[in-house]
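Trainee: I would like to learn how to read a metal site in a model. Please take me through one.

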Amino acid sequence: MFQSSDRVKVGRNGPCPCGSGKKFKKCCMDKDLYDFESMRNLYYKQYKIQLKESKDIEKLRRVGKLVIDTLDMVEKKIHAGMKTDEINTLVHDYTISHSAIPAPLNYRGFPKSVCVSINEVICHGIPGERFLVDGDIVNVDVTSILDGYYADASKTYLVGEAGQDALKIVSVARECLKKGIKKVQPGNTLGDIGWAIQSYAEKQRCSVVREFVGHGVGFDFHEAPQVPHYGQKGNGIKLVPGMVFTIEPMINLGRKDLRILPDKWTAVTRDNSLSAQFEQTILVTENGCESLTPYEL
Ligand code: MF3
Ligand code: CO
Ligand code: CO
């Protein structure tokens, strides 16, 4: 999702957003243990984050499984000589035939059912007449709605024989998602996730895209909070059980800067260097986390 600044500030000395009437610092600010209901109210009032409960999580596991099954289906069929629009048809038909809705279709005017982003395309590539060729790297980003619930995941595939640069950027992007997910546990913060991703990417002399971030997901396509793939340890919102958000680092082989093509969607690296991305939908649990769109990284 596109990054925007919609943060709500709660002062230490201001009234606690839980509605107790006490000062925030004397009430919920430092408490570690709450029951789910007060935590839900606090996170909604303070951050507009909608925590998910058991009945939601069961539905999210189902839509998450469908998204992964869709990616697996595409992975088996992807080949050089195929048009990106054929990937769109595969995803669209598979989704509909499983009683689900492809979330991208008509989302803010997006014209297709899936994002397909090749080589220097960072994200939001629109499927069309482009043929896949040997050596391409192709991100396929699937978001489905099943029974009113959303799950969002993507993978970057190598087409045919991959070059060294392609292998490198795909492997760094995959490892970035893995390192981000490892930080997801109650008590850690969004900054811990961003820091883990940024420090690894930059150590590998790659760069992290800033304009697009992970996002809360589940009841809607893009919910609070924003999940930057860069940042500092300990900064940002504390993770609590019931939070569901994507982590979806976009990693460039060259510089981090991007431009948007005249179609108003396709984001490409300004220096035309390769870009890769992996995305999963992650639930914060009592003990750590669970991927609702699990695949091996
Ligand atoms: N799936 C993308 C994400 O990870 C969003 C795509 S929006 C669309 O957040 F309109 F391009 F589909
Ligand atoms: Co997403
Ligand atoms: Co996505």
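**The metal site**

Mentor: Six donor atoms surround the cobalt ion (ligand 3) at angles of 58 to 165°, which makes the arrangement irregular. This is a predicted model, where local features need pLDDT of at least 70, side-chain atom pairs count only at pLDDT 80 or more, and totals for chains, interfaces and linings use all residues. Residues are numbered from 1 along each chain as its sequence is written, chains are lettered from A and ligands numbered from 1 in the order in which they are written, and side-chain values use heavy atoms, with hydrogens and water left out.

Trainee: What does irregular rest on?

Mentor: Four donors count as tetrahedral if all angles lie between 85 and 135 degrees; four count as square planar and six as octahedral if opposite donors are over 155 degrees apart and all others between 65 and 115; anything else is irregular.

Trainee: Which residues are the protein donors of the cobalt ion (ligand 3)?

Mentor: Donors are N, O and S atoms within 2.8 Å of the metal (3.2 Å for Na, K and Ca); water is not among the atoms, so sites may look incomplete. Here D141 (OD), D141 (OD), D152 (OD) and E279 (OE) lie 2.1 to 2.4 Å from the ion. Their spacing along the chain is D-x10-D-x126-E.

Trainee: Which residue bridges the cobalt ion (ligand 3) and the cobalt ion (ligand 2)?

Mentor: D152 does, and the two ions lie 3.2 Å apart.

Trainee: Is D152 buried or exposed?

Mentor: Buried means under 20% relative accessible area, exposed over 50%, partly exposed in between (1.4 Å probe, protein chains only). D152 is buried at 3% relative accessibility, and D141 is buried at 11%.
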